[in-house]
Amino acid sequence: PILGYRIGQMAYITDLKTLPEEEWPYLENLDCLIVNALRVQPHDTHQSLDDALAMASRVGAKQTWFIHMSHQIGLHAEVEKILPPHIHLAYDGVQIGV
């Protein structure tokens with residue numbers, strides 16, 4: 001089990017693979033979702049990029065930041081090109097306004 005945090009209109013969840021259906025209501029009406037996206041290929045215990053994109057789509061936050069990425073996700077600039085405009089890869093030192 002992992003813990004996610006909701007602070008006002010922001011939610012932070014890392015080390016996530018799946019989310020029980022009864023937990024989804026806690027992620028409604030978010031301005032900002034911060035969630036893991038380990039790599040492109042599927043993984044047994046963490047969300048892949050596709051998993052994280054599906055979650056972001058379901059949550060519908062105004063902005064989403066992917067964290068907990070490995071080197072297997074690819075080059076930051078290249079991945080950013082394929083993400084929707086409101087979804088980004090986080091990086092050391094980023095400051096997110098909410």
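This is a short chat about the fold, the packing and the surface of one predicted model.

Trainee: What should I know before I start reading residue numbers?
Mentor: Residues are numbered from 1 along each chain as its sequence is written, and side-chain values use heavy atoms, with hydrogens and water left out. The model is predicted, so local features need pLDDT of at least 70 and side-chain atom pairs count only at pLDDT 80 or more, while totals for chains, interfaces and linings use all residues.

Trainee: How many helices and strands are there?
Mentor: The protein chain has two helices and five strands. Helices (H or I, at least four residues) and strands (E, at least two) are DSSP runs, numbered from the N terminus.

Trainee: In what order do the elements run?
Mentor: From the N terminus on, the order is β-β-β-α-β-α-β.

Trainee: Which residues touch the most others in the largest nonpolar core?
Mentor: L27, M55, V59 and F66 do, in a core of 21 residues. A nonpolar core is a set of buried Ala, Val, Leu, Ile, Met, Phe, Trp, Tyr and Cys residues joined through side-chain atoms within 4.5 Å. Buried means under 20% relative accessible area, exposed over 50%, and partly exposed in between (1.4 Å probe, protein chains only).

Trainee: Which element gives the most to this core?
Mentor: Helix α1 does, with five residues. β2 (10-13), β3 (32-36), α1 (49-59) and β5 (87-89) each supply at least two.

Trainee: And what is F66 in contact with?
Mentor: Leaving aside neighbours within four places in sequence, the partners of F66 include V35, L53, L83 and L89. Contact means heavy atoms within 4.5 Å.

Trainee: Switching to T64. Where is T64?
Mentor: T64 sits in strand β4 (residues 63-67).

Trainee: Is T64 buried or exposed?
Mentor: T64 is buried, because its relative accessible area is 0%. Beyond four places in sequence, T64 is in contact with L33, V35, A56, H86, I87 and H88.

Trainee: What about the whole chain, how much of it is buried?
Mentor: Of its 98 residues, 37% count as buried.

Trainee: And what radius of gyration does the chain have?
Mentor: The protein chain has 13 Å, which agrees with the value near 13 Å for a compact globule of 98 residues. The radius is taken over C-alpha atoms, and the globule rule is 2.2 Å times the number of residues to the power 0.38.

Trainee: What box do the C-alpha atoms fill?
Mentor: A box of roughly 35 × 30 × 20 Å, taken along the principal axes.
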